[in-house]
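Here is a short briefing on a model and its geometry. Keep the viewer open while reading.

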Amino acid sequence: MTLPGPLSFQDLILELHRFWSAQGCVILQPYDVEVGAGTLHPGTVLRALGPKPWRAAYVQPSRRPSDGRYGENPNRLRHFHQYQVILKPNPTDMQALYLASLEAIGIDPRLHDIRFVEDDWENPTVGAWGLGWEVWCDGMEISQYTYFQQVGGLDVSPVSGELTYGLERLALYVQGVDNVYDLAFNDRQSPAFKTYGEVFLENERQFSTFEQETADVAVLKRQFEDMEREVPRLLAETGRQGQALVLPAYDHVLKASHLFNLMDARGSIAVAERQSYIGRIRDLCRACAQAWLTLEETAV
Amino acid sequence: MAQFLLELFSEEIPARMQDGAARDLERLARDGLTAAEIPFDTIRTFAGSRRLALVVDGLPTAQPDRLEERKGPRIGAPDAALAGFLRSAGVEREALVEKDGAYFAVIARAGRPTADILSGLTETIVAKFPWPKSMTWGSGKLRWVRPLHSLICVFDRQIVPAAIEGVRVGDISEGHRFMGHGRPFRARDFDEYREALAGHFVVLDVSERKRRIVDKARALCAGRGLEVVEDDGLLDEVAGMVEWPTPILGDMDPRFLNLPPEVVRTSMRTHQRYFAVREVGGGRLAPHFLCVANIETPDGGALISVGNARVLSARLDDARFFWDSDRKTPLEARLETLKGVTFHTQLGTMLQRVERIEALARRIAPLVGADADLAARAGRLAKADLATGLVGEFPELQGVMGGYYAAAQDEPGDVVAAVRDHYKPQGPGDSVPREPVTVAVALADKLDTLTGFFGIGQAPTGSRDPFALRRAALGVIRLIFDNQLRVSISHLARLAGAESPETLLGFFGDRLKVALRDQGKRHDLVDAVFALGDEDLVRVVARIDALSAFLAAEDGANLLAGFKRASNILAAESRKGPLPEGLPKRAASPAEEADLFDALGAARPDIDAALAAEDYSGAMTALAALRAPVDAFFDKVLVNAPEADVRANRLRLLAAVRDEMSKVAEFSLVTG
């Protein structure tokens with residue numbers, strides 16, 4: 001396959017969609033609740049649980065309020081895009097598939113230094129961990145590659161392989177650009193060509209200020225507590241078909257998690273409180289994971 | 001003699017686990033062969049990022065044949081019993097031997113083929129491998145450090161079958177992931193294997209990989225007046241990350257040389273695994289870096305070099321952002337942030353900790369010859385860098401960055417040094433501060449930690465020491481020694497507000513013992529001196545050294561024997577009834593008793609004078625004068641004399657000798 005020059009940001013996504021679609025993945029849309037990482041999409045966290053095979057790929061806009069740099073840093077964003085792939089059970093040739101996906105977006109592994117560097121992934125807020133690597137391309141971490149071992153505090157079987165591509169970083173690499181805001185978002189020949197900056201710089205500026213300076217901590221705290229109360233209540237409710245309302249409950253866990261990240265970015269979480277907040281979110285997530293698993297196993 | 005070759009081919013093994021894996025593989029193979037009574041000449045193991053390999057040379061093709069004796073019925077047992085035994089043992093009546101009143105069947109056991117044993121051994125190795133962390137994958141149950149794909153398992157050039165879930169076992173493996181044509185290869189012995197790997201761009205032996213890195217790096221630097229900043233830990237790690245090590249000298253934007261060199265090096269090392277490069281002789285960092293790629297590319301690494309340089313720039317840009325913005329806020333103003341940071345729920349906020357350190361540094365200052373105001377100032381600023389962006393990004397630069405920021409706001413040099421170095425010494429290899437202000441703050445930092453955590457009952461237990469209190473105590477000890485500080489631990493602990501300095505003192509005693517034992521000192525001597533209750537560590541060590549020298553000499557060893565004898569007698573007598581009180585009198589006879597009395601009287605002022613002058617060798621020499629009279633006394637005088645008053649005086653004399661010796665050290669605790 002020959003490519004006419006480097007891919008634009010959106011072409012990168014389209015190529016990945018094409019590649020993983022050909023591998024039998026469901027191409028999902030981003031989840032419409034604020035999350036800190038693509039893993040948190042229910043298409044990964046919940047679907048990794050239980051016995052049913054599952055292959056999915058999607059883009060997930062991810063928010064890390066603490067990473068805001070007011071649009072002044074060429075490499076750091078508080079809102080960025082992860083390309084997420086989950087293959088359950090992971091196929092034997094998953095590494096080879098991953099490398100083929102890099103070739104599909106114009107990274108020739110015979111010209112670059114691709115490395116799998118130990119990184120034991122864990123996300124304490126969702127009680128998940130796995131073993132795997134950061135994937136480096138010429139010293140840059142372009143993906144996270146993980147074999148899930150636990151999700152929501154529960155052992156998983158079969159094991160899912162998870163790939164997370166940092167899309168902005170990949171695009172910087174593929175386009176040979178140093179500043180994220182200079183990335184070509186769409187085709188340079190387009191009559192309405194836009195750079196990444198033209199699409200997102202203003203968001204970074206406004207939200208950095210909001211998240212680190214302006215957000216009302218008292219409101220965030222109150223909302224967090226509301227979400228925290230809602231999760232067990234929803235899990236105790238029953239849907240028309242007799243099931244627990246796991247999916248709505250999980251949405252509330254995601255909201256609680258984002259509110260926690262906002263409070264953290266405002267510097268209002270003491271070191272000692274931190275663990276307790278994370279523990280509270282993890283407990284909520286565990287409850288959802290357990291309820292989801294019960295649903296999956298009984299619905300076989 | 002035949003050879004066994006095993007290769008375990010997997011996805012990338014963490015670099016830090018590879019050395020241990022090579023050792024574990026060797027141990028498992030050695031234990032398995034030994035248990036099966038199979039002799040061999042040599043075992044070699046290799047570990048790299050995608051494979052572990054084992055080669056055993058000099059194996060027989062079968063276990064040695066063995067003769068096994070099996071005990072049968074006693075001689076004269078009924079024929080039926082004997083017939084049953086012959087049947088079960090599978091031997092004829094003629095093959096039985098008579099021994100110890102019973103029949104024995106001698107059964108020849110043919111050794112099993114080695115291949116069978118190796119098959120089982122391979123399965124055991126895979127099942128029992130002690131990875132620090134392992135995982136399952138796919139739908140299987142097999143555990144390995146990362147997914148295990150295939151095994152080469154050949155003995156004497158034949159494939160040894162082994163049943164391992166989901167894993168192909170044979171004579172096929174793969175070479176480098178990207179270089180060459182990427183097709184699998186076959187190998188039936190180690191020579192073929194090594195040759196195939198070399199042809200497929202894999203350097204099997206880690207020492208060979210390291211040698212290539214070092215040689216190539218030198219060659220790259222040599223022509224340009226540069227040298228690589230050596231870093232063995234990094235070399236170990238990098239050698240475990242590549243199969244075909246290819247050093248590349250990259251260019252760093254020179255504007256980053258304005259950043260503190262620690263920032264540049266930390267970023268290179270911890271984030272990127274690059275070696276720093278400096279000018280030969282000058283010691284200054286050069287605007288380059290050395291990365292070790294895992295591939296040779298048609299463009300000679302040009303794209304890789306540019307890519308790595310760009311990543312480093314991005315990292316350092318972020319560091320520069322913090323470096324610039326951090327310096328806009330005075331350190332003092334950071335304390336407001338520390339107010340919101342909890343140090344420990346029971347020990348208050350970081351600001352409260354800072355205030356304790358500040359006050360403590362002021363109190364310690366006069367004890368270490370430091371200016372109290374400077375020590376307090378440094379104590380106040382010491383932790384401020386924890387609230388800076390750069391330390392948030394590079395936690396390992398705490399202190400170092402504080403020093404830079406203190407210098408940037410024109411703090412006095414002593415304060416700058418103290419802020420920078422007050423965490424020292426952090427480990428056995430770390431240097432010990434000598435500047436008095438730094439010493440004051442370094443002590444205050446550690447003592448606040450120790451008294452705080454001991455105060456809330458968080459003393460270390462067993463291997464659990466989550467707050468690194470052992471390291472803190474050892475730091476205090478080294479600060480005291482290396483600066484020859486004349487302070488008592490419990491005084492320091494009281495200054496730090498300890499409610500029960502005794503517990504802390506015991507803890508310090510234990511740490512001291514460990515430290516002194518590491519220096520090769522006997523811990524019974526440490527006990528013997530520590531039992532005197534002296535807390536002046538400088539004095540304690542001087543005493544231990546003198547005692548050690550004394551006991552090594554003949555006088556000391558003999559006197560110790562005399563002391564033990566005296567103590568034993570006194571202990572035995574005290575069990576019968578209370579020992580006589582009061583001081584001994586000079587006996588007219590026998591001469592040995594009078595001589596000992598005189599010698600004691602003569603030695604006492606010498607001992608006291610030497611002790612007062614802290615001249616412990618002098619005190620030992622004075623003690624040595626007792627050796628001959630003590631020996632003679634035990635030789636000639638019967639302590640348990642029939643006359644009660646004679647006996648009492650002799651006991652008093654022995655008690656006086658014991659007490660005199662105990663001023664110098666608690667000899668009863670000396671074991672040797």
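The points below go from confidence to domains, sheets, helices, the chain contact and backbone details.

This is a predicted model. The predictor gives the complex an ipTM of 0.93 and a pTM of 0.79. Chain B has a mean pLDDT of 91, and 100% of its residues reach 70 or more.

**Domains of chain B**

- Domain 1 of chain B covers 2-62 + 113-199, according to the domain assignment.
- The assignment also gives domain 2 (206-326), domain 3 (345-513) and domain 4 (549-669) of chain B.
- Between the C-alpha centres of domain 3 of chain B and domain 4 of chain B, the separation is 45 Å.

**Three-stranded sheet, chain B**

- This open sheet has three strands in the order β4-β6-β5 (chain B). The pairing is antiparallel.
- β4 (66-74) and β5 (96-99) of chain B are the edge strands, and each pairs on one side only.
- On average, neighbouring strands of this sheet are turned by 35° against each other, direction ignored.
- Four bridges link β5(B) to β6 (residues 102-109) of chain B, in the antiparallel sense.
- K99(B) has A102(B) as its bridge partner in β6(B).
- D100(B) sits in the loop between β5 and β6 of chain B. D100(B) is not a glycine, yet its phi is positive, at about 50°.
- Helix α2 (residues 79-89) of chain B lies across β4 and β6 of chain B. The helix runs at about 160° to β4(B).

**Four-stranded sheet, chain B**

- Four strands of chain B make another open sheet, in the order β12-β14-β15-β13. Here the pairing is antiparallel.
- Which strands stand at the edges? They are β12 (226-228) and β13 (246-251) of chain B. Each has a single partner strand, so one side of each is left without a neighbour in the sheet.
- Neighbouring strands of this sheet are turned by 30° against each other on average, ignoring direction.
- Inside the sheet, β14 (residues 275-279) of chain B and β15 (residues 285-293) of chain B run antiparallel, joined by three bridges.
- A276(B) has F289(B) as its bridge partner in β15(B).
- Helix α7 (residues 261-272) of chain B lies across β14 and β15 of chain B. The angle of α7 to β15(B) is about 5°.
- Helix α8 (residues 302-326) of chain B also packs on the sheet, where it touches β13 and β15 of chain B. The direction of this helix makes about 55° with that of β13(B).

**Helix pair α20 and α21, chain B**

- Helix α20 (residues 537-552) of chain B packs against helix α21 (residues 554-576) of chain B at an angle of about 90°. Their axes are 4 Å apart.
- That angle makes α20(B) roughly perpendicular to α21(B).
- From α20(B), the contact uses F550(B), L551(B) and A552(B). From α21(B), it uses G556(B), A557(B) and L560(B).
- By class, the contact of α20(B) with α21(B) has five nonpolar residues, one polar and no charged.

**Contact between chains A and B**

- How many residues of chain A are in contact with chain B? The count is 35 residues of chain A, against 34 residues of chain B.
- On the chain A side, the elements that give two or more residues are β4 (114-118), β6 (128-137), β7 (140-151) and α8 (271-298) of chain A.
- β4(A) gives the most to this side, with four residues.
- The side of chain A that touches chain B divides into 17 nonpolar, nine polar and nine charged residues.

**Cis peptide bonds, chain B**

- The peptide bond that joins K424(B) and P425(B) is cis, with omega about -10°.
- P425(B) lies in the loop between α14 (413-421) and α15 (436-455) of chain B.
- A cis bond also runs from S589(B) to P590(B), with omega near -5°.
- P590(B) is placed in the loop between α21 and α22 (591-612) of chain B.

Key. Residues are numbered from 1 along each chain as its sequence is written. Chains are lettered from A and ligands numbered from 1 in the order in which they are written. This is a predicted model: local features need pLDDT of at least 70, side-chain atom pairs count only at pLDDT 80 or more; totals for chains, interfaces and linings use all residues. Domain bounds come from an automatic or database domain assignment. Two strands pair if DSSP finds at least two bridges between them. Axes are lines fitted to C-alpha atoms, for helices over the stretch in contact, and angles run from 0 to 180 degrees between N-to-C directions. Two residues are in contact if their C-beta atoms, placed from the backbone, lie within 7 Å. Ala, Val, Leu, Ile, Met, Phe, Trp, Tyr, Cys and Pro count as nonpolar, Asp, Glu, Lys and Arg as charged, and the others, Gly among them, as polar. Angles under 35 degrees count as roughly parallel, over 145 as roughly antiparallel, 65 to 115 as roughly perpendicular and the rest as oblique. pLDDT is the predictor's confidence in each residue, from 0 to 100.
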